[in-house]
Amino acid sequence: MSSRLAGFACLAAASLTACGGPGPVSITGVPIPAAEDQAACSALAGALPGSLGKGLERREVEPPVATAAAFGPDPVVLTCGASGVAAGYQPTSLLSEVDGVGWFSEDLGDRIRYSTPTRAPQVVVTLPADRQAFEVLVALAAPVSAHTRATTA
């Protein structure tokens with residue numbers, strides 16, 4: 001199980017080095033999807049909407065990464081292809097289901113992380129703790145459903 005969590009821990013170390021303003025968002029530590037998930041993750045990123053809601057317009061990501069996206073001034077960041085599941089996730093964990101996609105949430109203090117431990121490739125969305133997540137998760141449901149598959153975790 002520790003190898004399953006190693007990839008997710010790497011994602012947990014991902015950081016945003018540029019926040020605010022209209023410029024690019026620098027994201028480090030973006031997971032590299034397994035070979036069989038590369039195409040699905042790239043297709044998901046390409047299918048994401050231009051906005052996740054009021055004030056959450058899509059922004060450029062630096063360096064360009066085909067499997068990550070950022071939205072808004074205090075960015076909501078989406079990555080695809082994390083291996084393993086969140087350390088706190090158990091098969092009996094309660095998921096918030098939004099339009100058919102189950103999301104596991106983790107409080108990170110000033111940010112909240114939502115992941116899809118029962119879908120492959122796994123999608124992770126990190127947003128400011130003071131941001132209402134429902135609108136964001138609704139906007140992401142259709143592309144996540146279309147480009148990931150249900151699994152048992």
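Me: What counts as a disulfide here?

Reply: A disulfide is a pair of cysteine sulfur atoms within 2.5 Å. The model is a predicted one.

Me: What makes C41 and C80 a disulfide?

Reply: Their sulfur atoms lie 2.1 Å apart, and the cut-off is within 2.5 Å. The pair therefore meets the definition. By this rule the count comes to one disulfide.

Me: Why is the disulfide of C41 and C80 called left-handed?

Reply: The torsion about the S-S bond is about -70°, so the disulfide of C41 and C80 is left-handed. As for the parts of the chain that are linked, they are distant: C41 belongs to helix α2 (residues 38-47) and C80 to strand β6 (residues 76-82), with the two 39 residues apart.

Me: Are C41 and C80 buried or exposed?

Reply: Both are buried, and the word stands for under 20% relative accessible area.

Me: Which residues of α2 are buried, and how do you know that they are on the same side?

Reply: The buried residues of α2 are C41, L44 and A45. Around the axis they cover an arc of only 95°, so they are on the same side of α2. The general rule is that an α-helix has 3.6 residues a turn, so residues three or four places apart point the same way. On the other side of α2, the exposed residues are A39 and G46.

Me: What covers the buried residues of α2?

Reply: The cover includes β3 (58-59), β6, β11 and α3 (133-147).

Me: Why is D99 called exposed?

Reply: D99 has a relative accessible area of 56%, and exposed means over 50%. D99 therefore counts as exposed. Its place is in the loop between β7 (96-98) and β8 (101-107).

Me: Which residue is joined to P121 by a cis peptide bond, and where is P121?

Reply: A120 is joined to P121 by a cis peptide bond, and omega is about -10°. P121 lies in the loop between β10 (119-120) and β11 (122-128).

Notes. Residues are numbered from 1 along each chain as its sequence is written. This is a predicted model: local features need pLDDT of at least 70, side-chain atom pairs count only at pLDDT 80 or more; totals for chains, interfaces and linings use all residues. Side-chain values use heavy atoms; hydrogens and water are left out. Helices (H or I, at least four residues) and strands (E, at least two) are DSSP runs, numbered from the N terminus. Buried means under 20% relative accessible area, exposed over 50%, partly exposed in between (1.4 Å probe, protein chains only). The arc is that of the directions from the helix axis to the C-beta atoms. Contact means heavy atoms within 4.5 Å.
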